[in-house]
Amino acid sequence: MSQTITLYVDGACKGNPGLGGWGAYIITEQAKHKLCGGEAETTNNRMELQAAIEGIAFCPLDAHLIIWTDSKYVQQGITEWIHGWKKKNWKDVKNPDLWQKLDAVCANRNIEWHWIKGHAGHEGNEIADQLANLGAEQTAQKLKTKQAHADTKKPEADWLLNDPFGLDVECEADESVDDLAADENYIDEAETTAQTPVATTASHPQIRITEAKLKLQGPRQLILDTETTGFYYQDSDRIIEVGAIEMINRKLTGSSIHIYINPEKPVGDSENVHGISDEFLKDKPKYAAIADHLFDYLKGAEIIAHNATFDMNFLDMEFKRAGLPLLSEVCEVTDTLALAKNKHPGQKNSLDALVRRYEIPARDRTFHGALLDAEILADVYLAMTGGQVSFDMNSLSQTEQRQAKSARSQLNVELTVIHPSAQELEQHENWVKQFEQKHGQACLFAK
């Protein structure tokens, strides 16, 4: 009987186009395999495709493959769009070379394709993402090594020919920098990092903070969730994951924070709930190392959480251990479980039950993840408190909103009424009579 293999595939690109990497995390019945690679000049979509190609090619032909990707471009492309592309002989299709390779490697295989929300705390997807970034880093290092090797082979310039009087000696250091900048294979790490959509704090690379795409004014609300080693903060259970997303004026700004934390103890049976293993957490930072950064992001905001007492007790305990104030002392707290019980007394009010009740779009929740649950809770909170208002990349900018408001205020003026003259009234009466004679019915404009 053929074996079942699970694959998590992902791509990454620092700049689009730019330096890119791909990663495939493959779980067979016997072992786990990690593949990665990259290219110097590519796009995010090409790396997503390359990850799928490499992962599938690694697996036996007779295996049943279950593939998870956070790219709808890949998932929908291979399952839906590709049939039309073939009929049109790949006309006007972007990345046809990779699509044809993916089509070929999928031929005669038993494959299930699934989409999963990226950066939402799912362990397999996070590992694939790390592999993709590793592939990009290794590619950058190879380029630097190759460039350094090439530089050592360059013949020394004859200064008598190029600078017979030695006038440019003091400018040599600057010229070497310019030469590197002009080299299209040179990778400027600071520049490429700045182009990456997901930013990390400079002081701790394992804290993932995304910048707001909407610059809004108003009180901050943070929809928050945590994952822990157990239920009892008093009995040495610890936080292993924190995820929070920012909302201002009922709009998600795009800003979020996501951290995995080494709890300094085994996760135990809680792994069955969140799917986060001791192996995955062993190289993650301890709470004391990230406490200041997390506190700075959260403080002053209104914290919105489901069964907020649970999350706040753990956060207060962890911040107290780190020598910081209690979070509950610097933040207002809203408990969506209490809101739900008040709104729907006597009914089930778990997050899953509220998702079904408010018909929130389904997401993969095989395991609970802090950032994924925060995103789901944001949908539930907005629906429960007056209707869905979600993050919209096409929303008006602040300047456009001010202009629209200004335009409305300008229209709110008292208009001058101009009365018709006697001659105009007579002309109107004649027109109405002519209309009634022609159509045999009363005119809408008759008095």
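**Close-up 1. The buried residues of helix H2 pack against helix H1 (44-58), strand S4 (64-69), helix H3 and strand S5 (110-115).** Keep in mind that this is a predicted model. Which residues of H2 are buried? They are Tyr73, Val74, Gln75, Gly77, Ile78, Ile82 and Trp85.

**Close-up 2. Helix H2 has a kink of about 60°, centred on tryptophan 81.** Let's check the length of this helix too. At 1.5 Å a residue, the 16 residues of H2 should span 22 Å, and the C-alpha atoms at its ends lie 21 Å apart, which agrees. Just past the end of H2, asparagine 89 has a positive phi of about 55°.

**Close-up 3. Helices H2 (residues 72-87) and H3 (residues 96-106) cross at roughly 95°, and their axes come within 11 Å.** An angle of 65 to 115 degrees counts as roughly perpendicular, and H2 and H3 are therefore roughly perpendicular to each other. On the H2 side, the contact is made by Tyr73, Val74, Gly77, Ile78, Ile82, Trp85 and Lys86, while H3 brings Trp99, Leu102, Asp103 and Cys106. Sorted by class, the residues of this contact are eight nonpolar, one polar and two charged.

Close-up 4. Most residues other than glycine have a negative phi.

**Close-up 5. Threonine 334 belongs to strand S12 (residues 332-335).** Is threonine 334 buried or exposed? Its relative accessible area is 16%, so threonine 334 is buried, as buried means under 20%. Leaving aside residues up to four places away in sequence, threonine 334 touches Glu302, Ile303, Ile304, Ala305, Ala308 and Leu339.

**Close-up 6. Arginine 356 lies in helix H14 (residues 351-357).** This residue is exposed, with a relative accessible area of 58%. Now find valine 380, which is 24 residues away from arginine 356 along the chain: the C-alpha atoms of the two are separated by 9.8 Å.

Conventions
Residues are numbered from 1 along each chain as its sequence is written. This is a predicted model: local features need pLDDT of at least 70, side-chain atom pairs count only at pLDDT 80 or more; totals for chains, interfaces and linings use all residues. Side-chain values use heavy atoms; hydrogens and water are left out. Helices (H or I, at least four residues) and strands (E, at least two) are DSSP runs, numbered from the N terminus. Buried means under 20% relative accessible area, exposed over 50%, partly exposed in between (1.4 Å probe, protein chains only). Contact means heavy atoms within 4.5 Å. Axes are lines fitted to C-alpha atoms, for helices over the stretch in contact, and angles run from 0 to 180 degrees between N-to-C directions. Angles under 35 degrees count as roughly parallel, over 145 as roughly antiparallel, 65 to 115 as roughly perpendicular and the rest as oblique. Ala, Val, Leu, Ile, Met, Phe, Trp, Tyr, Cys and Pro count as nonpolar, Asp, Glu, Lys and Arg as charged, and the others, Gly among them, as polar. The expected span of a helix is 1.5 Å times one less than its number of residues. The bend at a residue is the angle between axes fitted to the seven residues ending there and the seven starting there.
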